[in-house]
Amino acid sequence: LFIIGAFISVIHHLDKNIKIKERTIWILASVGFLFLTLDEKYKFHNQLRSYMKIHKKFLWFENGDFVLFGVLVAGLIFSFFFVKYLIQSKRAFILFSSGIVVTIFSVVIDSIHLHKVLNMTRDLFWGLEEISETIAMTFFINSFVSMFCFYLKNFLNNISVSEEISEKIPE
């Protein structure tokens, strides 16, 4: 996701018709996905959860679970600003929206503590959470690939139009 976001940022940098605000959004998105990639590898959210020693339970939350929902809410807020660029491609918008729904499901499953249940049930929930993360990543990757193709097509069309115009101008 980071690499695709970076490619989209490069296309935006090359295409002078795209505003700086839109370029910035894509750079922030790619950096955000880089953070999530590193988090998946090094489990920062689990380490942060273990440091949070709040002993008040709310619904099914336990110590540090609000960290997961804090990151989710931050992502949803960012997505609100990001969606207006994704809506340019219906496919990218639908894929991204699907990724958000699956991500919400994944966060809810990850926050359920199953200390007093059978190992088989715990493994089932762990498997569901990992599978849903993978499905969400697949939706996000396909959304970004779709946007990459959309921007690349527009960029190449702009180059073709510019070359056709320059060929018609006498020297």
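Helices (H or I, at least four residues) and strands (E, at least two) are taken here as DSSP runs, numbered from the N terminus. On this basis the chain contains six helices and zero strands, and its pattern, read along the sequence, is α-α-α-α-α-α. The structure is a predicted model, in which local features need pLDDT of at least 70 and side-chain atom pairs count only at pLDDT 80 or more, while totals for chains, interfaces and linings use all residues. Residues are numbered from 1 along each chain as its sequence is written, and side-chain values use heavy atoms, with hydrogens and water left out.

Of the 171 residues in the chain, 33% are buried, where buried means under 20% relative accessible area, exposed means over 50%, and partly exposed lies in between (1.4 Å probe, protein chains only). With contact defined as heavy atoms within 4.5 Å, 69% of the contacts in the chain between residues at least 6 apart in sequence join residues at least 24 apart.

The largest pocket has a volume of about 980 Å³. On a 1 Å grid over the protein atoms alone, a pocket is an open set of points where a 1.4 Å probe fits, with protein on both sides within 12 Å along at least five of seven lines, and lining residues have an atom within 4 Å of a point; grid points are joined across faces, edges and corners, and the volume is the space filled by probe spheres set on the points. The lining of the largest pocket consists of 37 residues, with F33, L36, V71, T103 and F140 nearest its centre. The elements that contribute two or more residues to this lining are α2 (20–42), α3 (44–51), α4 (65–86), α5 (90–111) and α6 (119–168), and α4 gives the most, with 10 residues. By residue class the lining divides into 24 nonpolar, eight polar and five charged residues, where Ala, Val, Leu, Ile, Met, Phe, Trp, Tyr, Cys and Pro count as nonpolar, Asp, Glu, Lys and Arg as charged, and the others, Gly among them, as polar.

Two serines were examined individually. S79, in helix α4, counts as buried because its relative accessibility is 8%. The side chain of S79 reaches the backbone oxygen of G75 at 2.8 Å, and, when neighbours within four places in sequence are set aside, S79 is in contact with F96 and I100. S89 lies in the loop between α4 and α5 and, at 10% relative accessibility, is likewise classed as buried. A polar contact (a pair of N or O atoms within 3.5 Å; within protein, one must be able to donate a hydrogen and the other to accept it, and residues adjacent in sequence count only if both atoms are side-chain atoms) of 3.3 Å joins the side chains of S89 and S146. Residues up to four places away in sequence not being counted, S89 touches S146, M147 and F150.

Helix α6 also holds I141, which is partly exposed with a relative accessible area of 35%. I141 and F96 are 45 residues apart in sequence, and their C-alpha atoms are 8.6 Å apart in space. N142 lies in helix α6 and is partly exposed at a relative accessible area of 36%; N142 and R91, 51 residues apart in sequence, are separated by 8.9 Å, C-alpha to C-alpha.
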